[in-house]
Structures are given as structure tokens and as C-alpha cells.
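Work through the exercises below with the sequence and the model open, and try each task before reading its solution.

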Amino acid sequence: MSCAHHHQQQRAGDYPAQNYGPGKKWIKKLTKDRLNTFVGGHFHDVNLSSMLFVHRLDDSHHVKLHVWSAPGLTKPSFEEAMKQKFKPAKKGDSFGPSWTNHWWKVALSIPSYFEQYERVQFEFDPGCEAMIYSTDGTPLQGITGGYGGDRRVEYIIPPDSRKAGKHEFVIESSCNGMFGVPWDGDSISPPDMNRYFSLASADIVVPNQEAWGLLADFTTLREIADTLPGNTSLQNKALTVANDIMNVFNNRDLSSIPQARKLAEQVFGEGWEKKGEKIYEEGTEKAQIWGIGYCHIDTAWLWPYSVTQQKVARSWSTQVDLMNRYPEHRFTCSQAQQYKWLEQLYPPLFERVKQKVLEGKFHLVGGSWVENDANMPSGEALARQFLYGQRYFEAKFGKRCDTAWLPDSFGLTGALPQLIRQADMKYFFTQKLSWNNINVFPHSTFNWVGIDGSQVLCHMTPVDTYTAQATVGDVHKGITNHKNLESSDISLLVFGNGDGGGGPLAKMLDNLRRTRAASNESRELPPVDMGHSVEDFFDTVLKDSNAGDKLPNWKGELYLEFHRGTYTSHGSIKKGNRKSEILLGDVEHIATLASLYKFHNSDYVYPKSTIDDCWEKVLLNQLLPGSAIGMVYKDAEILYSEVRKDGKRLIEEAFKALFPTSAQSGPGSIIAYNSTFFPRRDVVKIPLKGSASRLRSQVVQASKDGSCGYALLDGTNGGHISHCTGLFADCMPVSAFTNGTDHFVLRNSSVQLTISDGRISSLIDVELGRELIPKGQTGGLVIFDDRPNYWDAWDVEIHHLETAEPLKFANVSVVAEGPLRASLKAETTYGNSRISVTISLDAIAATVKKNSRSFFVFDAEVDWHERHKFLKFEVPLDIHSESATYETQFGHVQRPTHKNTTWDAAKFEVCGHKFADLSEFGYGVAILSESKYGFSCRGNVLRISLLRAATAPDADQDIGSHEFSWALMPHQGHFLESDVPMAAYLFNSPVYVRYAPEDLANFPLVQARPLFTLHGAHNVFLETIKRGEDDKFSPQNDSSPTVVLRLYEAFGGHARIKLKIARHFPVVKATVTNLLEDEIEDLQLLHAEQAEDRLTSVSLDFHGFEVKTVKLTLGSFAGLKEDVSLGVNLSARAG
């Protein structure tokens, strides 16, 4: 009994018998709100903020500053700046204006007693961006001034300098913020070109490292309490510990800080901090969240290219510094162009980055030249993005990228999966579709299957951003927002400040360590892991999903339901891109022939370096959305101008090597070079004044004033040379007539267009007698209100379609009456703008295909001075179809014309390239474009978008003069039976007209058999001819040259073709390669020795939209002229 009585007393002692206290019931909401008062704010002088620094020195004895301001907007190098005369400066000084650069020499005198402290820093806050250099010119780290979340103003003074008591370094500050200099603080507003900044701090500071550690502890605890849902154990624990920390903290007692930090171990685990990066080795073996540092830097946006170059150096030097302090930190970065800038402008930093690449800490991704727009570049341009990107990475770092990387592109063409695979990659990361403003994209990890059937393993981070701040909320969202956990339960956390650069900060890496520590103690947080690459993540997904077999598929384009106005904004840039892409294709084609034949210049060498330079400029400019500040487009226009100048020069040099110099006087003839691989006829305008009057006999039709004429050029023999001829029997003479008031007609025996009362009232297929415009409807120019909900230059909203205002043509007149070309000129005005359109019809069909119809060309000259208006051209059609067809890269895509679902309704404005088509069985009508990318087809109304008028971020977007063209093309048969893609090619690629001497007809290459012809299927197009990337380009060393051809299937079906190669092209080997020109498969060469058909051929099989690259290795060109001559004679005999 006594023992039992003793035990009962002992238990009773554990729990008092009486209780007179109030109890511990809390008001949870008030406790959470209390946490807001622990840092900064109204109580900053008594809360933790008052304890963050031990010392701060800013007097002239300890901090000596001298400054030199670079003149204007110049951006001198470190070496140039150090030669200048610096003047004394001090904290509080003002400097500017916007975009100017200022260099600071800093000399610190550090008190000896500072050696006792764990860390001493220099705090430099210029209110803008800056970069710290060593005195030998090595960039050390970036600075971001101001008080935003991207603030980084501390520079850790090296221990040896603290010991020595002095430290000197250099700072370059640039008068722009991370997001430029918006005039009213809204980041997308136009820049304030006269912003001045003040040096807010230039101080030697001693941080209280324990206090900063407590700040990081408290931040993570608070994030846990704010993030975890409901009323969970860990959430409550984090909240109570944070509350206890506030109770223990005493700003008059330094010892309270370690006491408070000890409390945090209840959540993070005992002794967690001493484990450092090894905290990731504890807990679960398989983490669900894979952290990777990243710094998205728009190659130009709210700042010009020159500022981007500085942002790259600032951001990447900061990451190298963090790698040295946080062994687990891995940083991934794309865009070969940015690496090249670093190599050219900051060689010491490039070497530091290169070393980190070799150490496996600085990861190359993307494989492309820039993070390009993925809607508007041509298929060949996308191929070059990968070709130039991957070759650069391989040349400089000895490795290629495995993962394509486009996190911020405004939609993604369905051609990309094939191109990614052919660029030696199989993984793809993006996330922009999380911005959809109508539908939620249904997948996070999936197989993205392109229009040709190629697939890439795609991950769209559930965190829904590529600029995550590495918060607990970000980590948690990586699982709770994952849309297919049933097939893959891991996510990428792509963290770091971005768009304007910066990248991860130390506080982000500290927060991730604490988050992992907390997840090691509790299963309520998904574990985050560090120290791996993006490829490691994808390799794991690939393995866990049984090579993608367990994943959902998404087929076709990844259409972004947002930023649809970017297909049209800044029309001059779209035009510069299209014209440059085509020009460079022509340069390569003609220069390839010139480098091999050299008939008139034996020293001619393929101008590879200049072509590369031009392509790099075009690829750089493929930030095509038109949503940047005006400065960017001034730079882009200069680059396009340089490409245009160099391209034209290179073509002329190549022509001089191929053909005799054009005759300046004496007898001769008009010829033209056809740079496409389609037979064609063309009507070309020829000047007839002055010395050109001798050409009058070669034109079919002269203008009324005799100043110019129209010649008919025939290139239907399949070669590249078109000759001047008279009207053929199958030509369709054209006429233009009017009733003298408001009724005008353009007509030939193929088609007819009527303008009545200023609108297109009739479009007739004359051969079929079919009216194509429904009764009571009209076509023509139409203008809409264009007031997006926020993103001005980016967006056009669905409600703009409710504001249509048709424009009427006025002052219509007949300016050409036929028989070769008939034209009407019409004008209209709207607001402060004037629009002049010349509508022309030629006596030839769009192509040489049987039953091809003629098309109507609209040449517009616009003096545009509107604000928030959208100009389009529309035509209503008596055609019923549930879908319209638009050209995309290396193929086409069909999109709905109806609104059955919200997915259908979302596609009210879409991207197309050279054509948009509405077809039904037996007939269709297409709009062809030579520089526009925005289209729409709602119901039976087909539209092309012409001009917008946004005011942010460029206040003067598209204001001024524009010249552009489009065409209206009826065609017999459904699109899949039509010649629309061929006609669109020809519309975009005019012939090169030359005046040739009389004996040119006797010159071998003019009449020789075409070099390359395709036989067996009309749906395969030869897109590109160029020299091989690994050829040696010099007069002394051009042995075993190679020629690369790129072909693709254009209609979406299978094909087997024979690629026939002229006998005078000595092919000894043919191989299929990928885009990088790695040889994949040898092709069998077949030689036909019959006298009338001495050709070499290879057979090629295609599936729908397949792209094939063929590399031809050539043998000796000895006896070439005789072979070409033989080709001429054979051709003449056969013909």
C-alpha cells in the first residue's frame, strides 16, 4: 500500500491539483499579425532591425571616393576608365542622367579593432545598378541599389585586407535600375531620360552576423506559418516558436539573440546550422523539389543592348562569388550571345565563369544564341539559333547543352520539338503558359509532341515562375500546384532575380537551407535539394516515367493565351526580321555557288565570317515581340541596316564571280536570278528614263508617262535564271475600269475584284463564276480600339473585336491599265493618319501549277499617327470551315474559327508567317504576308493585322511612315490541294533583276541544267543551300568542300522524293545530318549515265512536316567548265 500511495503522489506532482492562472489559449490571428512588427516598420528602432549592425563608418578618413563620369551614353572599358582624371566625391552626391556610366575609385582605411569581427563589409548604395572590380580589372560582384527585393549593396572585404587595414577597389555605376528608368515608377512605362541618382551609402559596416542569422531564422519560420494550409502541426509550431523568439528578444541584450536562435532549432533541428551544405544530405533520399539558381536577363527590354552587357557581368560575377561561399549553389544560364559578350568585354570574368563550368557549378542550358521569340522567327532562323548556340558552347566549353530553355517566350511553335531533337537535345523547360488569361494549362511534366511527331520531355515548373525567391511558399507550390503528380512527383524550383538580371541572393540560399532543415524534421514540407543540374532533374524524370511512357502528351503548339498583340507591335522590326532572314538565305545560296564555280573571280572565297556576323545580328534581334523601349528598336534598326548593307554587298560580289559584269552600254537583255527552288514567272517594274530607255523594247507595258515599264520574266524551265519574254499564250491579260464614280474593277480571265463605295464588294473566281464575298458583306481596311487591360504593347484583348470601324477607300483611281499589270490606287484617312494602297493584278498566275489563280497585291504606304488603335485588313468569305490554316516554321498549323470552348475562343488573334488560309472542300482563299505575323479568322472573316499604336513601354511605337504589302489569293481546291505555300514563298522572295550583255546566253551557268531538282512529290520544299560549317574557307585551302541542303515536308503527309543533282556538281558522298551537321546516315548515290540525263540522285523519305538536312561532299572541280558546257548542250538537245 505504501508503494502504491507513493506512486500516486508522484503522478499527482506532475500535474498540479489546483490552477488559478489564465491559461495559454492564444488568438492565432493576432499572433500571426504580431510577427509583422519584428523587423523594420514603425518599431525599427527597438526591434531586430536595431541590432543588425555593430559599426558604421562613412567619414572621409575611413572612406575616400573619387569619381569620373563617362561622357554622354558612352560605356568605356575598365582600362579606358582608369586612364581618366578622377575628382573627389562623397556620400550624398547626385549623378546622372539616365543610362550614363560613372566610375569610382574607392580607398578604405579599416580600423584595426575590426579584425575581431566575423565579417566587415563595404555598403555601396547608388540607388541604381553597379559593379565592383578589383584594381586589376576583374569584375567581382554586382550591386543593386535601392530597397526592392533585389537589393544587394554589400561587398565583403577580404580578410587579408582587414588585417592590412586598407583596401582599394573600383566601382562602375550605371544610371538605371534593375528595370530601367520608368518615368512614373510603373516598370512598363516609357523611360525617364533625365533621371538622376544619389549615393545613399558608401560605408564601412560591421554586421552582427548572429542578428542576421536570427533574421533569416525568423523569415523562414514566418513563411512556414504563412504557407502551410489549415491548422497543421508544423505551421503552429513555426508560429509559436516565432512568437517565443519575439518574447525572448531584447534589443538591449546581445545574449538574447543566440537564445532566440536556439529556439528556432525546435523547427530546424538541433545544430542544423553547423552542418552547412551537408544539411541536404540528411532526411529523405529523394527530394521532391530540385533547386537551381537562374538569372533571366532579357537581352533587351526596358534597357538597350549595351546595358544588357553590363547586367550579364554584374549578375554572373555575383553568382561566382556565391558559389565560393555556398558549395551547394548551382547556377544555370542560357544564351550564347551573352557568353560571347562576356568573353569580348570582360575577359577575366569569362575565365572565372569558364572555370566554374569545368567544376560543374555553372551550367550551360538552352543551346540557342538567345532566348528567342518562338513564334515569329522562320524555321531556318530557329535552326540557326540552335546551330550557332550549340557550336559556341562546344567551341568555348567543350560541351553542348542537353536542355532547351525558353522560360519567357510568348508561345511556342509546334515545330520546336523536332528542331530541339535535331540540335542534340531532348529536354525542354518553359513556364510562360502559366500566364494564360483564359484557360489553365493542364500539365506540369509531359511529353511535348511537335507537328511532325517528334517529342521532347517538357517541364513547366509548378512554381509558375523562373524568378522564384526561394521562399517556403515557392517550395510548397512546387508540389501543391503540380498538375500530374500521378505520373511525376518532382519539380524544378528555378530561383533568382530575373528579367533585369541579378540572379540568386545569399538570403535565398540561406532560406533554402532552413527550409530543407525544417523538412528534415517534419514531413509537412516537401524536401528541397540543391547541388544538382537541370539535366540531373530531367534524367530522373526520364527514368521514373519509363522514358516518358507514364507521362501525358501535349500535341502541337504551346499557344500562349496572352500577349497576342506582340505579333504586330513595332512593325518595322517584324519587317527587318523577315527581310533579313530571306536575304541571308539568298546570300548563302548564291555565295555557295560562287565559291565553287568562280567563273569570273578565281580568288572568290565563301564569306563565312561575314555571313556569321550577319546571322548573329539577326538572331540577337529575334526578341521580336515589340514590347521593349524605343532605344532597343533604334539599336535593332541599326543592326538590320548593317545586315541589309552587308547582304547586298555579298550578293553582288557573288554575282560578279558567277556572271559577267552587267553591261553599262551596248546591246543586252534583262535577266533575273531566282533564289527559290520553284519555277516561276514574274512581272517586274523596269525604269525607262535616261540610259535605261534602251530597255523599252523589252517591256510589255509602259506607264502613261513613260518613266517605267513592266517586263515579263520567265523562269519555268526549273533553273535559277529567268529571261525576259513577251506575253505567253497562257497569260491572262488584265484590265482596270471604272464607271467614273465609285465603282472600280480589276479583272483577268482568272479572277476579278470590285471596289464599290470604298469597300471591296466583290471577289470573283472568273473561271468558275463563283462569288467569294457573301451578299451584303464587304472587305477592306478596318480599325479597332486597342486598350489592353494592362500590358499595352503586349496585349490585344478579345473585347477589341467589339469595336470594329470599317474604313472606306477614297480617291480611287486607275494607275495601270494592263495588259501585263493593272492597278488601282486608293487612299483613306483616319484621325491624323493617311493610308495609301495600290491594288494590283498581273496577267500571270500565282505559280506555274495547273489551275493556279492570280492574286491581288496590296502595296500600302501609311503615315501613322494614332494612339491605341489597331489597323487590320479583312475579307469576309463565302466559305465554311471549322478551322483556318496558318503557316508556321517548316509547316502549317490549323486553328479554330469558332468559339465552341474557351480554348477555341482564346485563339482570337494568332501568329502566322507567310500565309493564312480559309478553305473548304473544293475552294479556299489565302492572305499572303511579306512582313506581318498577326492573323485572325473568326467565322468566315479572314484578317491580317497591320499596325498597332501602343504607348508603353515605347511612347511612340509605330508612329511614322510604313511600307508593307499583302496579297489576296483565291485558289481552286482545298488548302491541302493548293499552291498557297509556293505562292507565299515567291511573294516573299522577289527575283534579282540584272541587265546582262548580249552574249550572256552563251555563258555556261545561265543555260546549264539546274543544280538541284526534286522529283516524285510536290510537298517537299528545298529551303536552304549553304556551305558546310566545318569547311576551310580560304583560296589556298578549300579542298573537299561540302554543301548543306535543308528540306522539309510542307503539307503534313508522307513523301518519297529523288533529289537530283546536276552532273557538273561532283558529289562523292551524301549524308543525312542533324541541324548541327553531325553525320547520321549515309545516303546511296545513284548515277545516271545516259547521255540525255547524266545526273546524280539520292532518294529521301519524309513523314509529315519532317525536316531533313543533307550534306554533300564534293570531289574535284577539274574540268568543271566542260561539264557545265556539256550540261548546256544536253539541256538544249533535250529541250
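Helix axes are lines fitted to C-alpha atoms over the stretch in contact, and the angles between them run from 0 to 180 degrees between N-to-C directions. Helices (H or I, at least four residues) and strands (E, at least two) are DSSP runs, numbered from the N terminus. This is a predicted model, in which local features need pLDDT of at least 70 and side-chain atom pairs count only at pLDDT 80 or more, while totals for chains, interfaces and linings use all residues. Residues are numbered from 1 along each chain as its sequence is written, and side-chain values use heavy atoms, with hydrogens and water left out.

**Exercise 1. Describe how helix H8 packs with helix H10.**

Begin with the geometry: H8 (residues 305-325) and H10 (residues 347-358) have axes 10 Å apart and pack at an angle of about 45°. The two helices are therefore oblique to each other, given that angles under 35 degrees count as roughly parallel, over 145 as roughly antiparallel, 65 to 115 as roughly perpendicular and the rest as oblique. Next, list the residues in contact, which means heavy atoms within 4.5 Å: H8 contributes Ala-313, Trp-316, Ser-317, Val-320, Met-323 and Asn-324, and these meet Leu-349, Arg-352, Val-353 and Lys-356 of H10. Sorted by class, the contact of H8 with H10 holds six nonpolar, two polar and two charged residues; here Ala, Val, Leu, Ile, Met, Phe, Trp, Tyr, Cys and Pro count as nonpolar, Asp, Glu, Lys and Arg as charged, and the others, Gly among them, as polar.

**Exercise 2. Describe how H5 packs with H14.**

H5 (residues 209-227) and H14 (residues 506-521) pack at an angle of about 55°, and their axes are 10 Å apart. That angle makes H5 oblique to H14. On the H5 side the contact is made by Gly-213, Ala-216, Asp-217, Thr-220, Glu-223 and Ile-224, and on the H14 side by Asn-511, Arg-514, Thr-515 and Ala-518. The residues of the contact of H5 with H14 divide into three nonpolar, four polar and three charged.

**Exercise 3. Is Asp-529 buried or exposed, and which residues does it touch?**

Asp-529 lies in strand E21, residues 528-529. With a relative accessible area of 13%, Asp-529 is buried. Not counting residues up to four places away in sequence, Asp-529 touches Tyr-280, Ala-287, Ile-289, Trp-290, Gly-291 and Arg-516.

**Exercise 4. How many disulfides does the whole structure contain?**

A disulfide is a pair of cysteine sulfur atoms within 2.5 Å, and a search of the whole structure finds zero of them. Take Cys-731 as one case: the closest cysteine sulfur, in Cys-724, is 12 Å from its own, too far for a bond. Cys-731 is buried, at 10% relative accessibility. For Cys-937, the closest cysteine sulfur is in Cys-911 at 16 Å, again too far for a bond, and Cys-937 is buried, with a relative accessible area of 1%.

Conventions: Buried < 20%, exposed > 50% of the residue type's maximum accessible area, 1.4 Å probe, protein only.
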